[in-house]
Amino acid sequence: MRNVAIIGSGPAGYTAATYVARAGLRPVLFTSAVEVGGELMNTTDVENFPGFPEGVMGPDLMQKMQEQAERFGTELVFDDVTEVQLDGDVKQIKTAYSGDFEALAVIIATGSAYRHLGVAGEEALAGKGISWCATCDGAFFKDQDIIVVGGGDSAMEEATFLTRFAKRVTVIHRSDNFRASKIMLERARANEKIEWITHAEVVEFSGEPTLSYVKLRDTRTGEERVIEATGAFVAIGNDPRVDLFRDQIALTEAGVIAVDGRTSRTSVAGVFAAGDVIDDHYRQAITAAGSGCVAALDAEAYIAGLSDELLAQVDAAE
């Protein structure tokens with residue numbers, strides 16, 4: 001039996017673990033077996049995280065966060081959580097290989113995953129010209145020709161933001177009907193640095209060692225052509241990682257976990273959520289870290305209000 005179990009090892013999870021551990025609650029954190037450290041493990045230079053004036057590599061930042069959480073007594077389990085039971089005073093957690101765990105409180109920090117196109121060259125050139133976050137990486141593409149793939153509000157927002165840095169931004173979309181709201185589309189169309197290629201889909205990214213070319217296919221004729229681009233931003237949405245909890249916890253219309261106001265409290269007592277799994281808008285490392293702090297403080301307050309009988313079960317298990 002543990003006081004607090006944390007599911008997820010991104011900035012939210014590690015920050016929550018550091019706070020909970022410093023409070024003397026000795027949390028257990030499930031990192032995942034494969035995706036330890038979250039999306040930042042696929043990011044090269046991070047220049048907008050406070051405290052690193054020269055920037056820091058994404059994997060290095062996550063390693064430092066992990067070490068900090070461990071320093072204060074967080075137990076790391078490098079395994080995938082396969083099933084949870086969140087109702088009741090004692091939460092049940094099952095893992096793929098490390099057995100079953102119990103906890104009085106759970107912090108969900110499973111994050112979200114950028115949707116990928118699934119085309120040739122996309123994974124090989126991730127972080128080498130291909131990005132899913134303009135706010136994170138836009139400044140690296142100063143005076144370059146870049147593309148944005150997508151037709152919704154996020155694509156319009158990314159394209160408009162990237163004009164601050166790029167020489168030219170070309171929006172690629174499968175049709176000439178955009179899902180973006182009228183105001184976002186009009187704002188993008190009014191920007192002289194944005195060009196448009198419609199009725200086109202990306203079928204391949206290529207370049208060595210970084211992105212140089214993008215192959216497009218006409219969605220009406222099937223004809224293919226190649227355009228030059230040294231940067232590509234894929235803006236086709238995010239999927240919050242909520243499958244484990246979908247039937248046990250309230251979600252918002254956007255599909256993220258619903259929390260009570262600015263707290264981390266979910267619809268289930270003793271269950272808290274933080275990071276991108278509750279955020280369908282900002283999705284930054286620093287906002288996730290701040291959210292992890294909130295979840296830790298909420299979990300600490302919850303634990304402090306539990307009965308002596310429940311707390312004794314944790315003491316007995318140690």
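Pro 209 sits in the loop between strand 14 (200-206) and strand 15 (213-218). Helices (H or I, at least four residues) and strands (E, at least two) are DSSP runs numbered from the N terminus. The peptide bond that leads from Glu 208 to Pro 209 is cis, with omega near 5°.

The structure is a predicted model, in which local features need pLDDT of at least 70 and side-chain atom pairs count only at pLDDT 80 or more, while totals for chains, interfaces and linings use all residues. Residues are numbered from 1 along each chain as its sequence is written, and side-chain values use heavy atoms, with hydrogens and water left out.

**Backbone and loops**

Most residues other than glycine have a negative phi, and most peptide bonds are trans. Asp 143 is not a glycine, yet has a positive phi of about 60°. Asp 143 is found in the loop between helix 3 and strand 11. With 53% relative accessibility, Asp 143 counts as exposed. Here buried means under 20% relative accessible area, exposed means over 50%, and partly exposed is in between, using a 1.4 Å probe and protein chains only.

His 199 also has a positive phi, near 55°, and is a residue other than glycine. The loop that holds His 199 runs between strand 13 and strand 14. At 15% relative accessibility, His 199 counts as buried.

Two further loop residues are buried. Ala 109 lies in the loop between strand 8 (100-108) and strand 9 (112-114), and its relative accessibility of 6% makes it count as buried. Leaving aside residues up to four places away in sequence, Ala 109 touches Ile 7, Gly 8, Ser 9, Ala 12, Gly 13 and Ala 274; contact means heavy atoms within 4.5 Å. The C-alpha atoms of Ala 109 and Phe 141 are separated by 31 Å, and the two residues are 32 residues apart along the chain.

Ser 264 is in the loop between strand 18 (238-240) and strand 19 (271-273). Ser 264 counts as buried, at 1% relative accessibility. Not counting residues up to four places away in sequence, Ser 264 touches Val 259, Val 271, Phe 272, Ala 273, Val 294, Ala 295 and Asp 298.

**Helix pairs**

Axes are lines fitted to C-alpha atoms, for helices over the stretch in contact, and angles run from 0 to 180 degrees between N-to-C directions.

| Pair | Angle between axes | Axis separation |
|---|---|---|
| Helix 1 (residues 11-22) and helix 6 (residues 285-304) | about 35° | 7 Å |
| Helix 1 and helix 2 (residues 58-71) | roughly 20° | within 8 Å |
| Helix 4 and helix 5 | about 30° | 9 Å |

Helix 1 passes helix 6 in a right-handed crossing. A crossing is left-handed if the near helix is turned anticlockwise from the far one by less than a right angle, and right-handed if clockwise. On helix 1, the residues that meet helix 6 are Pro 11, Ala 12, Thr 15, Ala 16, Tyr 19 and Val 20. Their partners in helix 6 are Ala 285, Ala 288, Ala 289, Gly 292, Cys 293, Ala 296, Leu 297 and Glu 300. The residues of this contact divide into 11 nonpolar, two polar and one charged. Ala, Val, Leu, Ile, Met, Phe, Trp, Tyr, Cys and Pro count as nonpolar, Asp, Glu, Lys and Arg as charged, and the others, Gly among them, as polar.

Helix 1 and helix 2 are roughly parallel to each other. Angles under 35 degrees count as roughly parallel, over 145 as roughly antiparallel, 65 to 115 as roughly perpendicular and the rest as oblique. The crossing of helix 1 and helix 2 is left-handed. Helix 1 contributes Pro 11, Tyr 14, Ala 17, Thr 18 and Ala 21 to the contact, and helix 2 contributes Met 62, Met 65, Gln 66, Gln 68 and Ala 69. By class, the residues of this contact are seven nonpolar, three polar and no charged.

Helix 4 and helix 5 are likewise roughly parallel, and their crossing is left-handed. Asp 153, Met 156, Glu 157 and Thr 160 of helix 4 make the contact with Met 184, Leu 185 and Ala 188 of helix 5. This contact has four nonpolar, one polar and two charged residues.

**The buried side of helix 4**

In helix 4 (residues 153-162), Ala 155, Met 156, Glu 158, Ala 159 and Leu 162 are buried. These residues cover an arc of only 165° around the axis, so they lie on the same side of helix 4. The arc is that of the directions from the helix axis to the C-beta atoms. An α-helix has 3.6 residues a turn, so residues three or four places apart point the same way. The cover over the buried residues of helix 4 includes helix 3 (134-137), strand 11 (145-149), strand 12 (168-172), helix 5 (182-189), strand 13 (194-197) and strand 17 (231-234).
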